Amino acid sequence: MTQPGLKIEEVIKDVVTVIIGILFCGFALKGFLVPNSFFDGGVTGISLLLHELYHFNIAFVIIIANIPFVIMGMFQVNKSFALKTLACVIGLGLCLQFVHYPVITSDKLLVSIFGGVFMGLGVGLSIRGGCALDGIEILALYTLKRSSFTISEIILGINIIIFLVAAVELGLPTALYSILTYYTASRTITFVIDGLEEYTAVNIISGQSEIIKEKLVMELGRGITIYKGERGFMKESFDVHQPVDIIFTVVTRLEVRRLKNLVHRIDPKAFVFTNSIKEAAGGVLKKKVRDH
């Protein structure tokens, strides 16, 4: 009996998140980017470019420009995602048409940075709500299956074309400031989706692995996994090597420095390398701040 109620709560949470995202995007567009002829990447950037060159209504252009990608999303992702994305895009169009935002500033640097921040907040929140305010990721997924390029390379290529057209038609300074807007928006989207405490995988190779294992578990409260390996194989003594336990653990980004300091105190020569994890579940994981 509790599951349906839980599901309704999740739906309401997603809807509220998407609405807030739409309002942030509208604020970024009408308060910063559109009045100053600035651009973003992706389908939003294409819409802004068409609006600036041909003076089409930005609300209608954004809706129409995203429709092909919504249809594409129905086949690349699923029907539910496509319908939610369509509703999200229409909501953004209505927001741009009927919500009157003040023009915040005409300072180019402030426009490029804060326009990107608010755009990133909006797009990131819409993704967390289960839909997309920009169809470029869907296009990248579609192209990925028909080419040897990665999604990042495809998105980068599309955005390069957008900014090149902007540079030719509206001048290089505008295009450069718009690149800064896109970069700021991209970093903000990553922050919103991954959260402050993005998980980080840590690998530790040390001759003092027994002590390090105990400290990680008893002091930091981390779960660990051990790989069996061999260390040595130096150029001057290639034949000299010995077995070693390679310690693998997952911590939040805020804990990385503390972990490295702990390892360094035990073994200053320990080899520690990290890499970001997009998604992690199960095991002994500390919940992220956003999940509390």
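Which residue in β4 is the bridge partner of Ala201? In this predicted model, the bridge partner of Ala201 in β4 is Asn275. This pair belongs to the antiparallel pairing of strand β1 (residues 199-205) with β4, in which the two strands are joined by six bridges.

The sheet that holds these strands is open and has four strands, arranged in the order β2-β3-β1-β4 with antiparallel pairing. The edges are formed by β2 (224-232) and β4 (271-276), each of which has a single partner strand, so one side of each is left without a neighbour in the sheet. From one strand to the next, the twist averages 25°. Besides its pairing with β4, strand β1 is joined to β3 by seven bridges, and these two strands also run antiparallel. Within β3, Ile247 is the residue opposite Ile204. The pairing of β2 with β3 is antiparallel and extends over nine bridges. Here Arg231 stands opposite Gln242 of β3.

The crossing of α9 and α10 is right-handed. On the α9 side the contact is made by Ile211, Ile212, Lys215 and Leu216, and on the α10 side by Leu259, Leu262, Val263 and Ile266. Sorted by class, the residues of this contact are seven nonpolar, no polar and one charged.

Two further helix pairs were examined. Two packed helices are described by the angle between their axes and by the distance between those axes. For helix α3 (residues 58-76) and helix α4 (residues 79-98), the axes come within 9 Å and cross at roughly 175°. Angles over 145 degrees count as roughly antiparallel, and α3 is therefore roughly antiparallel to α4. The residues of α3 in this contact include Ile58, Phe60, Ile62, Ile63 and Met74, and those of α4 include Phe81, Leu86, Val89, Ile90 and Leu96. Lys79 of α4 also takes part, as do Asn66 of α3 and Thr85 of α4. By class, the contact of α3 with α4 divides into 14 nonpolar, five polar and one charged residues.

In the other pair, the axes of helix α5 (residues 108-128) and helix α8 (residues 172-194) come within 7 Å and cross at roughly 35°. The crossing of α5 and α8 is right-handed. Their contact has 15 nonpolar, eight polar and two charged residues.

An unreviewed UniProt entry lists residues 12-33, 53-74, 81-103, 109-133 and 154-180 under "transmembrane region". Two of these spans were compared with the model. Residues 53-74 are 86% helix and 0% strand, with the end C-alpha atoms 31 Å apart. For residues 109-133, the chain is 80% helix and 0% strand, and the end C-alpha atoms lie 24 Å apart.

Methods
Residues are numbered from 1 along each chain as its sequence is written. This is a predicted model: local features need pLDDT of at least 70, side-chain atom pairs count only at pLDDT 80 or more; totals for chains, interfaces and linings use all residues. Side-chain values use heavy atoms; hydrogens and water are left out. A crossing is left-handed if the near helix is turned anticlockwise from the far one by less than a right angle, and right-handed if clockwise. Contact means heavy atoms within 4.5 Å. Ala, Val, Leu, Ile, Met, Phe, Trp, Tyr, Cys and Pro count as nonpolar, Asp, Glu, Lys and Arg as charged, and the others, Gly among them, as polar. Axes are lines fitted to C-alpha atoms, for helices over the stretch in contact, and angles run from 0 to 180 degrees between N-to-C directions. Angles under 35 degrees count as roughly parallel, over 145 as roughly antiparallel, 65 to 115 as roughly perpendicular and the rest as oblique. Two strands pair if DSSP finds at least two bridges between them. UniProt positions are given in the numbering used here, feature names are shortened, and annotations may be inferred rather than shown by experiment.
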